[in-house]
Amino acid sequence: MGMFSLSAMLVAALIAIAIMSLFGDNALFMSGLLQGAWLTVQITLLGSLLAVIMATTAALFRLYGAPPLRWLAVTYVEFFRGTSALVQLFWLFFVLPLFGISMDPFSVGVLGLGLNIGAYGAEVVRGAVQGVHRGQWEATTALNMTRWQALKRIILPQAFVAMIPPWGNLFIELLKSTALVSLITMSDLTFRAKTINDTTMQTIPIFTLALLTYLVMSLTITIGMRWLERASLRGMVRGRGR
Amino acid sequence: MSADIWSWSYTLEILPILANAAIVTIEATLISFVIALVLGLVLAVLRMSGAVIGWFASAFVELVRSTPLLIQIFFIFFVLPRFGITLDAFTAGIIALSLHYGCYCSEVYRAGLEAVPRGQWEACTALNFSSWNTFKNIILPQAIPPIVPALGNYLVALFKDTPLLSAIAVAELVQTAKNLGSENFRYNEPMTIVGLTFLVLSLVSAAGIRWLEQRLNRRSVR
Amino acid sequence: MSATTNHPMVRFEGVTKRYGALTVLDDLNLEVGRGEKVAIIGPSGSGKTTVLRMLMTLERIDGGVIWVDGEPMTHMQKNGQMVPAEPKHLRRVRSKIGMVFQHFNLFPHMTALANCTEAPMTVLGLPRREAEERAAELLNMVGLGDKKGHYPAQLSGGQQQRVAIARALAMRPKIMLFDEVTSALDPELCGEVLQVIRKLGSEHDLTMLMVTHQMGFAKEFADRVCFFYQGKICEQGEPKELFTAPKNERTQQFLRAVLEAV
C-alpha cells in the first residue's frame, strides 16, 4: 500500500481507539492494555536490536568466516529458522533451567525472539551483501583496500539500503511474535487483553482495542522504515553506479 | 545423573502420545493451508479489481498482516461466540490460521499475476476470450508455477505457527508436550522431542521446496 | 634493489590462466617498460582483459610469475624459493597499480570528491584535508572541478569515467590499467575520456596498459600494440607498422573486420 493509504489507516486506527475508550468501562481497562502495550514495545525494541546484531554477525561469519565460524553460523540460522518461535521460547523457559540456566521471562522473551528473527535477518543481510555488484569489490581491490575496509566503507553501506524493506517486514514479524511471551507469563498486550477479558467479559471492545493497538505499532514501523529508505536513497540512485 | 536430565523410559512412554498429537498438528496444517490457498487467490483478485472493494480488501490484508496471529486466534475464539457463532477450539484455530495465511498468500498471488505480461491480456482480448476464460486458461497457468516455492515457504511457516493453537487448548504437539510436562514435572523430554520434530519436518520440507523450485525453473527455461 | 633501474615495469613470465578446461592465456610472456604505453587489442574472448585483471590481482594465475617494478608480485622469495605471495606482500606491490574499469565501478553512495578521497584516507592514512586537496586538484585535471559534490548517478557516463580516472590517480600509482574504458559509453562521450588519457600520457611518466576497441586512439597514443588471439600474443609492434602492414594473417583479418564495422 502507498504511504498515503498507510497514513490514513494509522490515523483511522488512532481515532477508533480514542472514540472507543470514551464509551462505558472501556477507559478503565484501556490503561491496563496500555501498560501491556508498553511491555510489548520494550520487548520489540530490545529484540530487534539483538536480531540486527545476530543477523549481521551470522551473515558475515557465513560469508567470510573461517570454516568453523561458517559452520556455526549455518547451524544457528538453520536451527532457528527450522523450529517454531514458540517451541524455542518454551525450550528456553522450561528446559534451560534444568541445565542450571534460569532467566526471567523478560530475558527469555527478548533472547528467544531476537535469536529467532536474527536467523531470518541473517539471510537478508547475506542476500543484500551478495547483491552488491561485483565491480564494487573489484574497485576496492584496485584501490588496495583490505577486505574489512571494503566491507565497512563500501559494501555494507550499499547493502544497507537494500536491507531496509525486508528488515521492516522482520521488525513487524518480531512485534507480532511478542504476543507469544504472554504464554510464558509475561503481561504484554495480548496477556492483558486475555486476563481483562477473563474478569470483565467485555470481549468485543477488549480484543478490538488490542488489535487496533497492534495495528498502530505495525503501521508506525512500516511508515518509519519507508521514510528511512527514502532518506538513504536521497542523492544516490541505485543501479547506475554499479 | 544422566537419568536426571534425560529419561529414556519416560521418552518411550510419551512417544505414542506425541505421535497422536503430531497427527492433529499435520491435520491443522493441511486443512488451513488449502483454505488459505483459495482465500488468498480470491483476495488477490479482489485487490486487483480496483475500486472501493479493492481498497477494502487491501486494508483487510494489511490489518491481518499487521497484528499477531495469537490475538487473531483469541479474537475468533472469544469474540465470534458473542455474535452467536460458537466454535470448538480446533475449528476456531483453523479459521484463524487460514485467514492469516490467506492474506500472506494473496500477496504472493498478486506478485505472480502482475508478473504475467500485459500483452497476454491484450492477445486474449484480440482473440475475443471472455475475461473469465482469459484468467482461468491463460493468465493463471502462467502465474502459478513461478510462485509455487513462495507458497511452499508459507506452508512451512504455517506449520511452524500451529503451536499457537495450544493457547486455546487444541491438543496439538506443543499443548500435549506442555500437558505431559506439567503432569509429570518433566518438560525436558517432551519439549525437546517436539522441537526436534519441528526441525526435521521443516528441514525436509525446505529441501522439498528447493527441489520443486529447481524442477520448475528447468521447465520454464525450456 | 640496487643498480637495476632499467628493469621493466611489468613482466609476465610464462603466465597461464585457465577456467576449468578452457585455457584463456597460454604461457604469456610480455614486458612493459617504464613509462611505456601499451595498447592491447584483439577479438572478444582472446584473453586481453584477463591480462589486466591478473595484473590487478582480480584473477588468480595458474602458472608463471608476474613481476612488477623489478620484484615478483604473485610470488615472493622465501628461503631462496618462490612461493605464492601472502596478502601483505600482494598489497604492498599492488599499491603501485591503479585501474579504470569498463563500467566505472564508482561508489554510488559517495560524491565524486568522496570517491577520490576514500582510499587515500583509509588505505594510505592521509589526513582529510590533504586528501581533499589532492582530489580537488585531480578532479580539476579531468575537467570536473565543478562536480565535486555530485553523486555518480547525477553524472553522465563520460563524467563518471573521468571521476574513476581521478579516483585511481589519487592513489599515486606508477602503472595505470585501462580496461575498455570507453566501451560502455555513448559514442559522443568517448572523446572527453580519451582526451583525459592523452593528457595523462603527455604530462606524467605513467606506465599504461590499455585494452581498447578504439583503433584510432591506439594508433595515435600507444608506443606499442599487442594483438591477442586465442590466449596468445599473435603479433606486436609499433602502431604504425602493425596497423598499416600487419604481418600475421589473423591480424589482417581482425583489422579488416574492424574497419568494415565502422
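Let me begin with a term: a polar contact here is a pair of N or O atoms within 3.5 Å, where within protein one must be able to donate a hydrogen and the other to accept it, and where residues adjacent in sequence count only if both atoms are side-chain atoms. By that rule, chain C and chain A have between them eight residue pairs in polar contact, both residues at pLDDT 80 or more.

What you see is a predicted model, in which local features need pLDDT of at least 70 and side-chain atom pairs count only at pLDDT 80 or more, while totals for chains, interfaces and linings use all residues. Residues are numbered from 1 along each chain as its sequence is written, chains are lettered from A and ligands numbered from 1 in the order in which they are written, and side-chain values use heavy atoms, with hydrogens and water left out.

Staying with chains C and A, 30 residues of chain C are in contact (heavy atoms within 4.5 Å) with 23 residues of chain A. The buried area, meaning the accessible area (1.4 Å probe) that two parts lose on being put together, summed over both, is about 2,400 Å² for this pair, and carbon and sulfur atoms give 57% of it. Two salt bridges, each defined as a side-chain nitrogen of Lys or Arg within 4 Å of a carboxyl oxygen of Asp or Glu, are found across this interface. In one salt bridge, Glu138(A) is joined to Arg53(C), with the closest N and O atoms 2.6 Å apart.

Now to the interface of chain A and chain B. Here 41 residues of chain A and 38 residues of chain B take part in the contact, and the buried area is about 3,500 Å², with 75% from carbon and sulfur atoms. Met1(A), Lys176(A) and Leu211(A) supply 16% of the area that chain A buries against chain B, more than any other three residues. The salt-bridge count for this pair is zero, whereas twelve residue pairs are in polar contact, again both at pLDDT 80 or more.

Four strands of chain C make an open antiparallel sheet in the order 2-1-4-5. Strand 2 (22–32) and strand 5 (71–72) of chain C are at the edges with a single partner strand each, so one side of each has no neighbour in the sheet. Strand 1 (residues 10–19) and strand 2 of chain C are joined by seven bridges, and Val15(C) has Leu28(C) as its bridge partner in strand 2.

Definitions and conventions:
Two strands pair if DSSP finds at least two bridges between them. Helices (H or I, at least four residues) and strands (E, at least two) are DSSP runs, numbered from the N terminus.
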